[in-house]
2 protein chains.
Amino acid sequence: MKIEAVDFFYLSMPTVTTAADGSQDALLVRVAAGGHVGWGECEAAPLPSIAAFVCPMSHGACRPVSASVLGAPLTGPQDIAAISARVEHDSMDLLQAAHTLSGIEMALWDLLGQRRQEPVWRMLGFERSESKIPYASLLFGDTPDETQARARKAHADGFRAMKFGWGPIGTADAGYDADHFTAARDGIGADCHLMIDVGQIFAEDVEAAAARLPALQAAQATWFEEPFSGHAFEAYAALAARSPTVGIAGGEAAHNVAMARHLMDFGHVKYIQIDCGRIGGIGPAHEVAMLARARGVTFVNHTFTTHLALSASLQPYAGMRSDRICEYPAAPSALAQAVAANPILRDASGEIRAPEAPGLGITVDTEALKPYLVETEIRVGGQVLYATPSLD
Amino acid sequence: MKIEAVDFFYLSMPTVTTAADGSQDALLVRVAAGGHVGWGECEAAPLPSIAAFVCPMSHGACRPVSASVLGAPLTGPQDIAAISARVEHDSMDLLQAAHTLSGIEMALWDLLGQRRQEPVWRMLGFERSESKIPYASLLFGDTPDETQARARKAHADGFRAMKFGWGPIGTADAGYDADHFTAARDGIGADCHLMIDVGQIFAEDVEAAAARLPALQAAQATWFEEPFSGHAFEAYAALAARSPTVGIAGGEAAHNVAMARHLMDFGHVKYIQIDCGRIGGIGPAHEVAMLARARGVTFVNHTFTTHLALSASLQPYAGMRSDRICEYPAAPSALAQAVAANPILRDASGEIRAPEAPGLGITVDTEALKPYLVETEIRVGGQVLYATPSLD
């Protein structure tokens with residue numbers, strides 16, 4: 001079969017704020033081939049990502065992503081890899097291409113799974129989908145009390161692992177941040193995993209990040225996530241050398257395998273966190289999972305949006321028993337909640353697994369999405385290159 | 001003064017081919033502030049770059065580039081750096097942002113130079129604009145004979161340095177490529193600089209690239225450019241270790257300072273080639289030039305398009321006397337030639353310098369550009385976010 005159609009759906013909450021809540025909008029991708037349909041999601045800015053699919057060619061090494069996808073054969077995983085390689089070369093000067101491809105690549109795996117009646121993780125070579133400990137991924141409150149209240153709520157909701165991120169951390173002094181770390185630990189109790197994410201706030205400033213280590217150690221944080229810019233490998237390595245107990249984590253910004261590999265090899269992170277919606281999809285993420293295993297680095301998914309993205313992000317390490325922790329969007333927007341008719345729920349022991357159903361195993365609820373659809377049109381040189389397609 | 005307006009102009013030749021000729025379209029940026037106007041150019045896919053400026057915010061770390069630029073104060077270089085830092089943080093999840101910012105950043109330097117009546121290189125701290133040896137940047141022919149003919153023509157045009165790139169290199173065996181390298185050397189004569197650019201054709205395949213080294217050495221090539229993907233630092237280092245006489249060159253794909261630094265520190269390149277239209281503009285490129293000097297690496301501009309881009313790309317190392325070679329678009333499209341009313345011409349000794357005139361020293365010929373303007377419109381949620389502005 002050949003890829004017949006690729007449709008992008010730009011969805012958004014009515015109001016989008018400056019909070020670090022990545023679930024406020026979404027870019028879903030629907031791919032059709034041979035009577036089957038697959039779904040994927042770009043964890044990316046919707047409009048530029050759509051533009052990178054439909055834009056006119058600039059030259060041979062700056063072609064739109066569509067040129068490598070539409071009409072391409074799709075009979076097995078090797079065809080997906082071939083499409084990815086073609087995008088890497090033919091769109092090398094189109095920076096946004098990796099983000100655009102990510103959602104398409106997921107959708108291709110989903111579609112292939114529908115056709116073969118196999119879950120994606122099995123096509124990746126895993127025998128079983130192992131149980132993972134989901135951590136509630138939450139934003140810090142504006143005050144330590146608010147942070148503590150959110151921690152208590154997540155604990156009451158049955159989570160035994162929690163991550164707090166962004167918010168005011170790094171904007172005042174280390175003592176203020178320590179109060180938040182302590183509040184988070186107090187809120188969840190002594191027996192739970194606590195992770196801290198500071199969203200690149202220290203850029204490349206190793207001393208500023210290191211000033212937070214004593215409080216993180218006192219709060220028994222499992223990891224300290226994204227202290228620096230995604231490319232600041234030297235800073236990551238310097239901090240890792242100064243942090244014997246709290247592991248340094250990062251990787252969500254990786255938009256190709258090499259960036260993730262470098263964060264491990266040059267940045268010495270202990271946890272590598274990959275978002276399938278940015279790194280180019282499931283294939284590259286799986287490659288990183290294999291590289292991580294060979295290095296003794298723990299692989300973790302990065303997912304802050306929908307359960308479609310969650311399923312995709314679990315696939316690359318679904319069968320890796322020793323990598324137990326997974327990110328779980330605990331308080332996503334109404335839009336993000338509307339995407340999956342069959343979300344991935346925690347079992348009796350509070351754990352989750354990548355679905356057994358074919359493909360990604362997620363049924364996209366197109367009716368529920370209609371209120372969030374953002375009508376978009378792009379015209380170039382008198383031609384309509386993109387107009388929001390119908391969700392029906 | 002404050003930044004009042006940022007206008008993007010998408011220009012294109014009537015026909016765009018798959019040749020590796022980056023001058024077939026262009027994205028110019030015009031910035032207005034305090035009664036002054038500055039011009040810049042993104043070396044990037046026009047439509048996604050425009051979209052990254054006008055798109056709605058997705059969340060606090062995925063804001064459009066416009067949010068960091070419009071209304072911002074502009075009184076000195078420190079304000080430009082502040083805008084760049086803001087884009088890096090507030091648009092961290094918007095991959096295309098660096099390419100969009102690049103043209104704006106150039107235009108801000110140009111505008112500041114108009115206001116201060118100073119060339120950009122002086123604002124960067126250089127005392128003089130030093131002479132550079134321009135190398136004619138050409139594409140390989142389809143056959144060795146064609147390559148040789150192009151070399152002869154460039155030699156007849158007075159060029160004493162030439163670079164051949166892309167074309168069929170790497171698509172057949174090493175012997176075929178050797179014929180092209182020999183033809184290029186035969187065409188330009190023994191006394192000229194010859195550089196070879198293979199446009200990432202070997203991805204991460206060190207052996208395939210190394211198989212070309214003997215012929216490059218025999219042709220006395222000064223450098224071997226972009227054998228691998230922009231992020232393949234390990235492959236660069238492995239090849240560098242095997243190439244004692246032909247220097248390895250790369251860097252045009254760098255979309256931030258860290259990528260360029262890593263190509264030097266982890267990839268061991270001997271020549272670092274920076275395109276101001278991709279790395280975020282002149283400020284980051286200047287930072288790379290300083291890092292290169294400290295490391296004994298030679299800085300070279302990457303420019304394959306207009307003389308506006310050429311001037312911008314010369315500024316970061318205009319005053320560095322020992323870095324003598326510069327890329328010079330020798331056969332750009334009619335569109336690229338139309339941009340500058342006052343192109344940077346070779347002097348009696350065949351050399352060029354960054355202009356002495358204020359800012360970038362290039363007068364954009366808006367009348368000449370009108371035939372190439374591509375009417376573009378982007379509508380989101382019933383609102384027109386972008387419509388091609390007037391060139392008047």
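This is a predicted model: local features need pLDDT of at least 70, side-chain atom pairs count only at pLDDT 80 or more; totals for chains, interfaces and linings use all residues.

Start by selecting strand 4 of chain B and strand 5 (residues 161-165) of chain B: the two run parallel and pair over four bridges. Two strands count as paired here if DSSP finds at least two bridges between them, and helices (H or I, at least four residues) and strands (E, at least two) are DSSP runs, numbered from the N terminus.

Residues are numbered from 1 along each chain as its sequence is written, while chains are lettered from A and ligands numbered from 1 in the order in which they are written.

Together with strands 4 and 5 of chain B, helix 6 makes a right-handed β-α-β unit: with the strands pointing away from you, the path from the first strand over the helix to the second runs clockwise.

Next, select strand 11 (residues 325-329) of chain B, which pairs with strand 4 of chain B in the parallel sense over five bridges. Here B:Ser137 stands opposite B:Pro329.

Is strand 4 of chain B mostly covered or mostly open? Mostly covered: six of the seven residues in strand 4 (residues 133-139) are buried, meaning 20 or more other C-beta atoms, placed from the backbone, lie within 10 Å of a residue's own.

Last stop, chain A: look for 15 helices and 13 strands.

Terms used:
A residue is buried if 20 or more other C-beta atoms lie within 10 Å of its own, exposed if 12 or fewer, and partly exposed in between; C-beta atoms are placed from the backbone.
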